[in-house]
Amino acid sequence: MKIKFIEKNIKKIKADIEIILLNDIEDAEDRKLLENLDFKAVDESCVLLGDLKKIYVAYEDESYDSFAIAIATAVKKFQSTNFSSAKINLIDCKNEQLKAITEGSFLGAYAFDNYKSKKDNKKKQELNIIVKEKTAELEKVFEDSKIISKAVNKTRDMVNTAPADFYPSIMSDLAKELAIDSGIDCKVFGERYLEKNDMHAMHSVGIASIHESKLIHLTYKPKNAKKKIVLVGKGLTYDSGGLSLKPADYMVTMKSDKSGGCTVLSTIWAIAKLELPFEVHAIVGAVENMIGGDAYKPDDILKAKNGKTIEVRNTDAEGRLVLADCLCYAQDEIEDIDYIFDYATLTGACVVGVGQYTTGIMGNNENLKRNAVTAALKSGEYASTLDFNRYLKKTIKSEIADISNIASTRYGGAITAGLFLDNFVYEENKDKWIHFDIAGPAFVESAWGYNPYGASGAGVRMTIGFLENLNKEK
Ligand code: BES
Ligand code: ZN
Ligand code: ZN
């Protein structure tokens with residue numbers, strides 16, 4: 001769907017159908033009709049009045065979420081018709097509202113049909129977002145929101161792609177394409193590099209796969225960068241669990257275990273397109289966790305890049321092994337880091353703990369975690385902090401190595417995974433690090449608001465929101 005931002009008197013715009021946002025039914029021109037249809041001003045409530053060529057859609061309050069959900073609902077209704085154009089008139093439009101409407105439209109219009117032999121959504125449709133006066137400021141909000149939405153949708157496309165079509169070398173090829181498109185630097189390393197550079201934790205996870213593991217490093221370096229930010233992503237293109245094989249029902253959807261990696265690739269692409277004044281690095285461990293005669297095993301002891309030894313007690317706790325080496329690589333290769341964030345579909349426990357659409361935020365710096373939650377919520381993502389504690393820290397001790405890759409308790413699994421990663425964050429970076437467990441929101445089988453079935457693109461908007469907040473600081 002084409003989405004355009006225009007200035008004009010709405011009467012003069014030729015559009016087949018008008019979308020009307022409604023918070024209070026009393027305000028509606030067609031109040032009687034809406035009452036008869038039992039229209040209520042609640043999320044996702046929407047009616048199409050075909051004869052009148054109107055789509056009424058409810059919004060609950062003035063928040064980003066409410067507007068974005070409303071327009072996405074209306075866009076989906078519009079897509080279900082054969083009308084070719086629609087318009088929405090935003091009368092006294094503020095920046096925040098335009099951002100929500102633009103992102104809600106692009107995200108709501110998204111459909112993944114690459115594997116459908118008959119495409120549902122082949123109709124050429126157009127949505128016109130109309131304002132009274134198209135100021136330069138509003139135009140920038142629209143253009144920026146378009147870039148952000150594109151980045152979210154790119155993440156969704158990558159994550160939704162089947163594992164036979166998306167393995168580590170495909171991921172690194174895509175990273176190169178994104179780098180060329182946004183004019184940034186891209187380096188890719190293979191398994192020989194991992195072995196030579198003592199990244200045995202990451203290397204071991206990918207041994208049984210027919211696909212070579214790839215370490216991807218993208219760099220965006222604008223002039224006069226204000227700060228240096230490192231984004232690290234778990235890029236498990238498939239997680240079968242390895243020899244600690246997942247039960248059949250749990251393996252389905254594990255193509256989504258590359259979500260953290262896909263998120264950081266699209267996010268750095270967007271940051272470069274938005275020309276944000278920060279040096280940003282995106283590091284992805286692209287690996288496939290499979291079974292085979294040469295697979296790594298429970299009982300193996302692996303040495304990570306920082307020299308720490310890890311007792312493998314479960315090969316399905318592989319993401320933390322990959323991230324351990326990627327975190328070390330980042331800190332060894334990049335000097336004077338201001339922030340280091342990692343993104344991973346790390347634990348089922350996080351989904352149980354905070355819910356499907358919520359990211360679990362962990363780290364050692366209370367302030368930073370608060371700011372991350374605030375940025376997430378403001379950007380339209382849900383997030384909740386999970387606190388480390390001394391007791392849980394003890395549960396990942398190993399009798400024979402420096403640390404175990406699983407905890408001795410079955411409770412608090414999201415936090416013990418976060419504590420494991422903390423072992424690979426160097427002393428000078430402890431307060432600069434945040435771990436985002438996106439196992440819940442990255443891939444959701446129940447659609448909600450502007451998120452369809454499947455990948456949601458979690459992490460992109462909250463990270464850009466965090467950087468935009470940083471940019472406003474002196
Ligand atoms: N990729 C999974 C985590 C996951 C679960 C992501 C559900 C998305 C949805 C991860 O590698 C994993 O298997 N974790 C184990 C850890 C356990 C063995 C300690 C888990 O959560 O069960
Ligand atoms: Zn796993
Ligand atoms: Zn995994």
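Entry 1. I began with the charged side chains and found Glu29, Asp30 and Lys54 joined in one network of salt bridges. I count a salt bridge where a side-chain nitrogen of Lys or Arg is within 4 Å of a carboxyl oxygen of Asp or Glu. The model is predicted, so I note that local features need pLDDT of at least 70 and side-chain atom pairs count only at pLDDT 80 or more, while totals for chains, interfaces and linings use all residues. Residues are numbered from 1 along each chain as its sequence is written, chains are lettered from A and ligands numbered from 1 in the order in which they are written, and side-chain values use heavy atoms, with hydrogens and water left out.

Entry 2. I then looked at the pair Glu29 and Lys54, whose closest N and O atoms are 3.3 Å apart in a salt bridge. Glu29 sits in the loop between strand 2 (17-22) and helix 1, and Lys54 in strand 4 (residues 54-58), so this contact ties together parts 25 residues apart in sequence. I take helices (H or I, at least four residues) and strands (E, at least two) as DSSP runs numbered from the N terminus. Glu29 is exposed at 71% relative accessibility, whereas Lys54 is buried at 11%. My cut-offs are under 20% relative accessible area for buried, over 50% for exposed and partly exposed in between, with a 1.4 Å probe and protein chains only.

Entry 3. I went on to other salt bridges; the structure holds 21 of them. Lys134 and Glu139 form one, with 3.7 Å between the closest N and O atoms. Lys134 is partly exposed at 29%, and Glu139 is partly exposed at 32%. Lys430 pairs with Asp422 at 3.1 Å, and both of these residues are buried.

Entry 4. I turned to the metals, starting with the zinc ion (ligand 2). Asp239 (OD), Asp316 (O), Asp316 (OD) and Glu318 (OE) coordinate the zinc ion (ligand 2) at 2.0 to 2.2 Å. Donors are N, O and S atoms within 2.8 Å of the metal (3.2 Å for Na, K and Ca); water is not among the atoms, so sites may look incomplete. Six donor atoms surround the zinc ion (ligand 2), their angles run from 71 to 166°, and the site is irregular. Four donors count as tetrahedral if all angles lie between 85 and 135 degrees; four count as square planar and six as octahedral if opposite donors are over 155 degrees apart and all others between 65 and 115; anything else is irregular. The sequence spacing of the donor residues of the zinc ion (ligand 2) is D-x76-D-x1-E. Asp316 is partly exposed at 23%, while Glu318 is buried at 1%.

Entry 5. I checked the zinc ion (ligand 3) next. Its protein donors are Lys234 (NZ), Asp239 (OD), Asp257 (OD) and Glu318 (OE), at 1.9 to 2.4 Å. The donor spacing for the zinc ion (ligand 3) reads K-x4-D-x17-D-x60-E. The zinc ion (ligand 3) has an octahedral site, with angles of 76 to 174° among six donor atoms. For reference, the ideal angles for six octahedral donors are 90 or 180 degrees. Which residue bridges the zinc ion (ligand 3) and the zinc ion (ligand 2)? Asp239 does, and the two ions lie 3.2 Å apart. Asp239 in strand 9 (residues 227-239) and Glu318 in the loop between strand 12 (309-311) and helix 10 are 79 residues apart, so the pair links distant parts of the chain. Asp239 is buried, at 3% relative accessibility.

Entry 6. I looked at helix 10 itself. Of its 15 residues, 13 are buried. Helix 10 (residues 319-333) should span 21 Å at 1.5 Å a residue, and its end C-alpha atoms are 21 Å apart, which agrees. The expected span is 1.5 Å times one less than the number of residues.

Entry 7. I looked for nonpolar surface and found a patch of about 240 Å² made by Leu33, Leu37 and Leu52. Patch residues have over 30% relative accessible area and no salt bridge; like charges are joined within 9 Å and nonpolar side chains (Val, Leu, Ile, Met, Phe, Trp, Tyr) within 5 Å. Leu33 belongs to helix 1 (residues 31-36) and is partly exposed at 36%.

Entry 8. I ended with backbone phi. Asp38, not a glycine, has a positive phi of about 60°. Asp38 lies in the loop between helix 1 and strand 3 (46-49) and is exposed at 52%. Asn224 has a positive phi near 55°. Its place is the loop between strand 8 (214-220) and strand 9, and Asn224 is exposed at 73%. Most residues other than glycine have a negative phi.

Key
Accessible areas come from the Shrake-Rupley method with a 1.4 Å probe; for residues, only the protein chains shown count as cover.
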